[in-house]
Amino acid sequence: MVRYEGKTVITLQVNGELRELAVRPSDLLLDVLREQLGLTAAKPGCKNGDCGACTVIMDGWPAKSCLVLAVEAQGQVILTVEGLGGTAAIQKAFVSENAFQCGYCTSGFLMVCHALQMQHPVMPEEHIVEEWLQSNLCRCTSYQEIRNAVHTMYRLQNTTL
Ligand code: FES
Ligand code: FES
């Protein structure tokens with residue numbers, strides 16, 4: 001680890017690429033992704049762990065990037081919406097189910113749902129879906145469209161197997 005001017009040079013593995021950058025010990029992963037790497041899909045909302053707008057996937061699990069220090073994220077495989085490339089089943093499902101309005105929460109929900117599929121390759125019971133979706137807030141849609149999108153995600157997955 002190289003240090004200079006109060007910063008530490010770290011390497012993050014983001015969307016399949018190794019990215020080297022200088023950060024302060026207190027820099028949040030959310031801010032580093034957005035301001036240093038230009039990955040703005042993860043959104044700042046509450047910055048308190050409550051809304052989920054900042055959700056990314058770390059080592060296969062959803063993580064609120066406002067609660068993670070960039071230095072803590074070293075060695076973990078980080079995935080953001082940009083890394084989905086527009087072709088993931090959950091992205092198609094959100095479009096087909098109209099599961100967004102203003103879209104501010106959408107990136108976070110996409111990451112939660114994509115991680116759900118990573119951890120549960122077969123559609124889990126409804127109460128498990130509910131538990132996963134409870135981590136994030138949406139102020140526009142009814143949550144039903146988002147639940148529908150999860151079902152569609154699994155259907156799309158089955159048709160492409
Ligand atoms: S901005 Fe991270 S949970 Fe709200
Ligand atoms: S679509 Fe607007 S906050 Fe969710």
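What distance separates the centres of domain 1 and domain 2, taken over C-alpha atoms? In this predicted model, the two centres are 20 Å apart, with the chain divided into domain 1 (8–83) and domain 2 (84–158).

**Domain interface**

- Contact between the domains involves 19 residues of domain 1 and 17 residues of domain 2, and the area buried between them is about 1500 Å², of which carbon and sulfur atoms give 63%.
- On the side of domain 1, T55, I57 and V81 lose the most area to domain 2, and together they account for 31% of what that side buries.
- The elements β4 (55–58), β5 (61–64) and α2 each supply at least two residues of the side of domain 1 that touches domain 2.
- Across this interface the rule finds zero salt bridges, whereas nine residue pairs, both at pLDDT 80 or more, are in polar contact.

**Nonpolar cores**

- The largest nonpolar core has 28 residues, among which I90, F94, V150 and M153 touch the most other members.
- Two or more residues of this core come from each of α2 (81–84), α3 (89–96), α4 (106–119), α5 (126–133) and α6 (143–160), and α4 gives the most, with seven residues.
- This core draws at least three residues from each of domain 1 and domain 2.
- Leaving aside residues up to four places away in sequence, M153 touches A89, I90, A93, C113 and Q117.
- A second, separate core of 21 residues includes L12, L21, C66 and A73.

Conventions: Residues numbered from 1 in each chain as written. Chains lettered and ligands numbered in written order. Predicted model: local features only at pLDDT ≥ 70, side-chain atom pairs only at ≥ 80, totals over all residues. Heavy atoms only, no water. Core = buried A, V, L, I, M, F, W, Y, C linked by side-chain atoms within 4.5 Å. Buried < 20%, exposed > 50% of the residue type's maximum accessible area, 1.4 Å probe, protein only. Helix = DSSP H or I, 4+ residues; strand = E, 2+ residues; numbered from the N terminus. Domains from an automatic or database assignment. Contact = heavy atoms within 4.5 Å. Buried area = accessible area lost by both parts, 1.4 Å probe. Salt bridge = Lys/Arg side-chain N within 4 Å of Asp/Glu carboxyl O. Polar contact = N/O pair within 3.5 Å; in protein donor to acceptor, adjacent residues only side chain to side chain.
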